[in-house]
Amino acid sequence: GVCGTAWKQKETVIVPDVDRFPGHIACSSASRSEIVVPVFAKDTVEVSAVLDIDSTSLDTFDQTDRFWLEKITRLI
């Protein structure tokens, strides 16, 4: 799914329409778009977790969301 893709690629994945993402695994049938941000272990390039945010609307997330969510995950 999207979480596994973000983990494997070690980069944020923005999905405007989850129905068009191959292999999407739905957490909720109401989910329409998604952003997943990898969380890196302190001082490494190893992913230790992901921040997964779903929306009930299409095309909810953009590069501004990416920018700020990546900043937030660096504080974790």
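The structure holds zero disulfides, a disulfide being a pair of cysteine sulfur atoms within 2.5 Å. The sulfur of Cys 3 lies 6.2 Å from the closest cysteine sulfur, that of Cys 27, and this is too far for a bond. Cys 27, for its part, is in no disulfide, its nearest cysteine sulfur being that of Cys 3 at 6.2 Å. With a relative accessible area of 61%, Cys 27 is exposed, whereas Cys 3, at 27% relative accessibility, counts as partly exposed; here buried means under 20% relative accessible area, exposed over 50%, and partly exposed in between, with a 1.4 Å probe and protein chains only.

All of this rests on a predicted model, in which local features need pLDDT of at least 70 and side-chain atom pairs count only at pLDDT 80 or more, while totals for chains, interfaces and linings use all residues. Residues are numbered from 1 along each chain as its sequence is written, and side-chain values use heavy atoms, with hydrogens and water left out.

The secondary structure of the protein comes to two helices and three strands, and along the sequence these follow the pattern α-β-β-β-α; helices (H or I, at least four residues) and strands (E, at least two) are DSSP runs, numbered from the N terminus. The radius of gyration of the protein is 12 Å, close to the 11 Å that the globule rule gives for 76 residues, so the protein is as compact as a globular protein of that length. That radius is taken over C-alpha atoms, and the globule rule is 2.2 Å times the number of residues to the power 0.38. Taken along the principal axes, the C-alpha atoms fill a box of roughly 35 × 25 × 15 Å.

Buried residues make up 28% of the 76 residues in the protein. The protein exposes about 5,000 Å², of which carbon and sulfur atoms supply 56%; accessible areas come from the Shrake-Rupley method with a 1.4 Å probe, and for residues only the protein chains shown count as cover. Of the contacts with a separation of 6 or more, 46% are accounted for by residues 24 or more positions apart, where contact means heavy atoms within 4.5 Å.

When its neighbours within four places in sequence are left aside, Ala 6 is in contact with Glu 11, Val 13, Val 36 and Pro 38.

The C-alpha atoms of Cys 3 and Leu 51 are separated by 8.4 Å, although the two residues are 48 apart along the chain. Gln 9 also has its place in helix H1 and, at 44% relative accessibility, counts as partly exposed; between Gln 9 and Ala 30, which are 21 residues apart in sequence, the C-alpha to C-alpha distance is 26 Å.

Two loop residues call for a look at the backbone. Lys 10, in the loop between H1 and S1, has a positive phi of about 55° although it is not a glycine, and Lys 10 is partly exposed, with a relative accessible area of 36%. Asp 43, in the loop between strand S2 (33-40) and strand S3 (47-55), has a phi near 60°, a positive value in a residue other than glycine; with a relative accessible area of 77%, Asp 43 is exposed.

Phe 67 is partly exposed, with a relative accessible area of 43%.
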